[in-house]
Amino acid sequence: MSVHTEPSADSLNAALEGLLRKYAVEPGTQWRLAGPRESRGDGEVLLVAGWSEPDAELSDQIVPLLPWRSEQRFIELRRIVAQKTVTPVLMGRLACHTDGEQMPLGAILYRQFDLAEWLTGSAIKSLYASIRGQLAANVILRLADGAICSVEAGVALPPGTPVQDRHELIAGRGVASDRTVDTQVAQASVYLWDGDGRQECTDVDFELFGRDAAEASLVRAAYEALRQPEIRPALRQAHRRLRRLVQLAFESDQRGARLRVAADSGEDT
Amino acid sequence: MKPIKIAMMSLTHGHTRKYFQTLRDSPRLEWIAASAADDVVRQRFHRAVDGVPCYASAEEMLDRHPEIEAVVLASANSEHLAQMKACAERKIHILSMKIPTFDLAEYDEMIELVDRAGLVCQIELELHYNPVVERIKRLVADGAIGRVVSIQATNITLSPVWAFPWQGSPEQSYGRRVPLAAGDHRFRGGALCDHPHIFDLVRWLTGSRFEHVYAEAAPNIRTDLEVEDLLLVNGKMADGSTFLLDPSWSRLEERLPEPGPGWEVFPKRMEVNLTLSGERGTLMADCFGPNVYHNGAPRDRYVVQYTYFDEWIGLVDEFVACVRDGRQPQINLRWHRPTIEAMNACYESIASGRPVQLAAQASAE
């Protein structure tokens, strides 16, 4: 429930439009928040989830979003690190399992590699990946500040199952996590038992009420990309780097070797 | 079945207190005696246990009690070979702690000693007698998730070195002083040496052997330790399945000389969690949860109070049955050898920065 990655594009566009109107943001161009498999027309800015774009190089028309950076749990984890509430981070443990339809293996790695760097504020320096086909990947990252980080990825959840993920940062002082101690999966805000059985929901955004965390964060990320067009080159740069990191992970598995990440990997020259 | 007359040696292992309860409570065991590694340990024993004699040396205990049939080697890893020799000479069966030795020449000597003397030597990998693990084994065997393609497992705890100092000593834990890597001030013998269980479970659940391992150590949380406390391991099994293991001491502790209330800084002091991805599904399990919680005495911190399953009942049941029936336990020295090899390979990988291949085992599994 916490990461639903393929919401209705029409409803998300309506939600985004509502935010733009409320805050009087004028994008100055035609725009559309597009789903992974939607056709693209000319003459409009397409806002897409970065993980869904297989190509590293994107036209100026396409803005690859990193929606998790707008998700409140990750914003808070990042803040905990940045403010040295837990410090120094020595090891990260990042896990994400999907049904393979919502996010295939490469998409999970894309997301988790970005989170490893963004949450810790430290770039990936090297990686060693152990991958089984397109089914599962286990990666050990070394970050520039000396910390290590595991990335666990799997796509064996039954179709339609909400993404199951966990992010933990272990520091010399303290541990930060988006999961409660002594639990394995996300807890919900509301549980309802009625004639339809058990239902649960976690509402995180009053302005975007009714959207789950992933939908809300996608809309928020798109809103920021329209409100601040100057951040779009940085998003494209991050996308290129993340695509390169995912490619390196598969290369690492094939070569059976730890691969170093060039400092300028995927960056603009 | 006639109870086995049993004793404990050294009393310095982290599971010693668990054995106090087990040896007292099990109707299948008659606790004859104990020997302590030193006077402090002996005094501690007398505070905890009544009515069981405790000797200053293993030799004295064995000389005074020729009726002893079996011994729990609750000692530092570096003591195990000498203690096994003493047992073999007297035809005493052995319940060994989870690391017999990391020295494979010594390990083979142990196998030979045990074989020649016709002894039962069971390795204490108690998770095999954990009901959650039993459920996982059955689900996997029944094909609930199809063929296993990936396993992620944690065996993360606080560091026991303040109560059991040998676990922070490279010589006593790993057997010798081997630098973790060139230019690294730390030595082998830390968290990895404390956590063989998940290596064992990966073998058990896949039915395969380690093909290669890759490991990296993080900077230590406890900067004053001379052994590693944070590391990650990944690699592949011979059947192509991939794994990721976290055998770290990543939960901080108060530096108590004896384990007890107030030990935890992080609320949950020990976790063994597994995630298995199969071709048809995913299985997640917490081998020690859920539990109960409090924030009371002595430090008013939020703490996980374990509602332990008692793995030691099944473990002792098997040990006693093997001794009485003259058969070998599932987790014996030969079964466990590839796990020790894989753990050594992790250290080699940390030192070299490369994956380490493991040869196909000739030994019976």
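**Cavities, pocket and nonpolar cores**

The lining of the second largest cavity comprises five nonpolar, three polar and no charged residues, where Ala, Val, Leu, Ile, Met, Phe, Trp, Tyr, Cys and Pro count as nonpolar, Asp, Glu, Lys and Arg as charged, and the others, Gly among them, as polar. The model is predicted, so that local features need pLDDT of at least 70 and side-chain atom pairs count only at pLDDT 80 or more, while totals for chains, interfaces and linings use all residues. Residues are numbered from 1 along each chain as its sequence is written, chains are lettered from A in the order in which they are written, and side-chain values use heavy atoms, with hydrogens and water left out.

On a 1 Å grid over the protein atoms alone, a cavity is a set of points where a 1.4 Å probe fits but cannot get out, a pocket is an open set with protein on both sides within 12 Å along at least five of seven lines, and lining residues have an atom within 4 Å of a point. Points are joined across faces, edges and corners, and a volume is the space filled by probe spheres set on them. Three cavities of 30 Å³ or more are found.

The volume of the largest pocket is about 1,000 Å³. Its lining has 40 residues, of which Gly14(B), Pro259(B), Trp263(B), Arg269(B) and Tyr308(B) are the closest to the centre. By class, 17 are nonpolar, 13 polar and ten charged. Domain 1 (4-119) and domain 2 (128-308 + 330-357) of chain B both contribute to this lining, so the pocket lies between them; the bounds come from an automatic or database domain assignment. The centres of the two domains, taken over C-alpha atoms, are 25 Å apart. At their boundary, 22 residues of domain 1 of chain B are in contact (heavy atoms within 4.5 Å) with 21 residues of domain 2 of chain B.

A nonpolar core is a set of buried (under 20% relative accessible area, 1.4 Å probe, protein chains only) Ala, Val, Leu, Ile, Met, Phe, Trp, Tyr and Cys residues joined through side-chain atoms within 4.5 Å. The largest has 84 residues, and Ile136(B), Phe199(B), Leu274(B) and Leu276(B) have the most contacts inside it. Both domains of chain B give residues to this core, so it lies between them. Beyond its neighbours within four places in sequence, Phe199(B) touches residues including Leu192(B), Phe210(B), Val233(B) and Met343(B).

How values were computed. Buried means under 20% relative accessible area, exposed over 50%, partly exposed in between (1.4 Å probe, protein chains only).
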